[in-house]
Amino acid sequence: MAARKPQRRREFGTVRKLGSGRWQARYLGPDGQRHKAPETFETKSDAQDWLNLVRADIERDVWRDPDVGAINFEKYALRWMEERGLAPTTLDRYDGLLRLHILPTFGGKDLDEITPPSVRTWRAERLKATGATTVAKSYRLLKAILQTAVDDDLLRNNPCRIKGAGKEEADERPTATIEQVFDLADAMGPRWRLMVLLGAFASLRPEELAELRRHSVDLDECSLRVTHASPELTNGRRVTGDPKSRAGKRTVYLPDFLLPELRRHLQWFAEKEPDGLFFVGEKGAPFRRSTFGRKWRKARTKVGMPTNFRFYDLRHTGNTLAADTGAKLKDLMVRAGQSSERAQLIYQHSTAKHQRKLARGIDAEVRQQLRRTDGEGRPAAEA
């Protein structure tokens, strides 16, 4: 009896020659839908090889619908932000990065059309157009959105693969001297003088100062109680809520020289109700970033400070002064309302003055030790 011929394995998918002379591959997927290769092939053999790879993916249960990533990036990104439950300030910041730096390039693309080369090209173009810090923030946001698409099985891999691209290498911020702080306070005028002094010597953030109330001040203790913050969004709307972090709720004890300043400000400028705002404008309106900003820029120019010196940079002066007292890192973090050591260390600048103090300390210690020796490292009793 003749042996049966081995049954030929059924071909997977179909290939056909197009009018252009190239070959197209098609197959029926596990989803019951017919799919075709995203490109055509030069030869029939190439088309069949591609089908064999797809069949292997199906058999290994790693096949993905090739059309699953055909979702508009802009729609996905906007939904991503809505579903995150972001704080208003974070949402405001992300919206600006998305609208100004990401959507102009990727807004019209589908998720699966964003490739590693297109991300590299986008980043290179952004670095030519704006600051490196903004590009790093934008890259981190893009990467986070696309990573969620990977988690949602819409993409196989995240196309954001540039090593270190999301790391910020910002220049060290300028720091004002004590004399410059008082010059800035004088230049801002009596109404805003104390805001400058508290920004420096109490290390308070602008949004914390904006929400200080009359009852926040304890003259007996010469302290301020920070319980809320009122950041201003780019559209001018204020959002009052908890401080930047849990550590932001704190009591800040002030140097005694600020006590007369506190009394004078309470008497002259603060709202009279117990829960009245501590800082208000000339017409009794709450603190506004735009109005204050114009006064700040004029004062900065008058004092001769660099144009990139921000009000927020006053915290550098206060935090560095506090660090120079020899305070423990935890004490410095509590005073500045910071929840991480890294955040505090950003403000502890090591200037030439600090290094000279360090050198003098080493010098004094070495001299003290040498007085106990013969000057050549041996104990004096053995000399």
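Mentor: Helices are DSSP runs of H or I with at least four residues, strands are E runs of at least two, and both are numbered from the N terminus. Arginine 123 lies in one such run, helix α4, residues 116-129. The chain has 14 helices and 6 strands. This is a predicted model: local features need pLDDT of at least 70, side-chain atom pairs count only at pLDDT 80 or more, and totals for chains, interfaces and linings use all residues. Residues are numbered from 1 along each chain as its sequence is written, and side-chain values use heavy atoms, with hydrogens and water left out.

Trainee: Why is arginine 123 called partly exposed?

Mentor: Buried means under 20% relative accessible area, exposed over 50%, and partly exposed in between, with a 1.4 Å probe and protein chains only. Arginine 123 has 24%, so it is partly exposed.

Trainee: What does arginine 123 touch, leaving out residues up to four places away in sequence?

Mentor: Val135, Tyr139, Ile162 and Ala165. Contact means heavy atoms within 4.5 Å. Alanine 136 is 13 residues from arginine 123 in sequence, and their C-alpha atoms are 8.9 Å apart.

Trainee: What makes serine 223 buried?

Mentor: Its relative accessible area is 5%, under the 20% limit, so serine 223 is buried. Serine 223 sits in strand β5, residues 223-226. Beyond neighbours within four places in sequence, its contacts are Ser216, Val217, Asp218, Thr251, Val252, Tyr253 and Leu254.

Trainee: How do you know whether cysteine 160 and cysteine 222 are buried or exposed?

Mentor: Cysteine 160 has a relative accessible area of 4%, so it is buried. Cysteine 222 is at 4% and counts as buried by that limit. Across the chain, 37% of the 383 residues count as buried.

Trainee: How many disulfides are there?

Mentor: The count is 0. A disulfide is a pair of cysteine sulfur atoms within 2.5 Å.

Trainee: Why are α7 and α11 called oblique?

Mentor: Helix α7 (residues 190-201) and helix α11 (residues 314-324) pack at about 45°, with axes 6 Å apart. Axes are lines fitted to C-alpha atoms over the stretch in contact, and angles run from 0 to 180 degrees between N-to-C directions. Under 35 degrees is roughly parallel, over 145 roughly antiparallel, 65 to 115 roughly perpendicular, and the rest oblique. The pair is therefore oblique.

Trainee: Which residues meet there?

Mentor: Val196, Gly199, Ala200 and Phe201 of α7 meet Leu314, Arg315, Thr317, Gly318 and Leu321 of α11.
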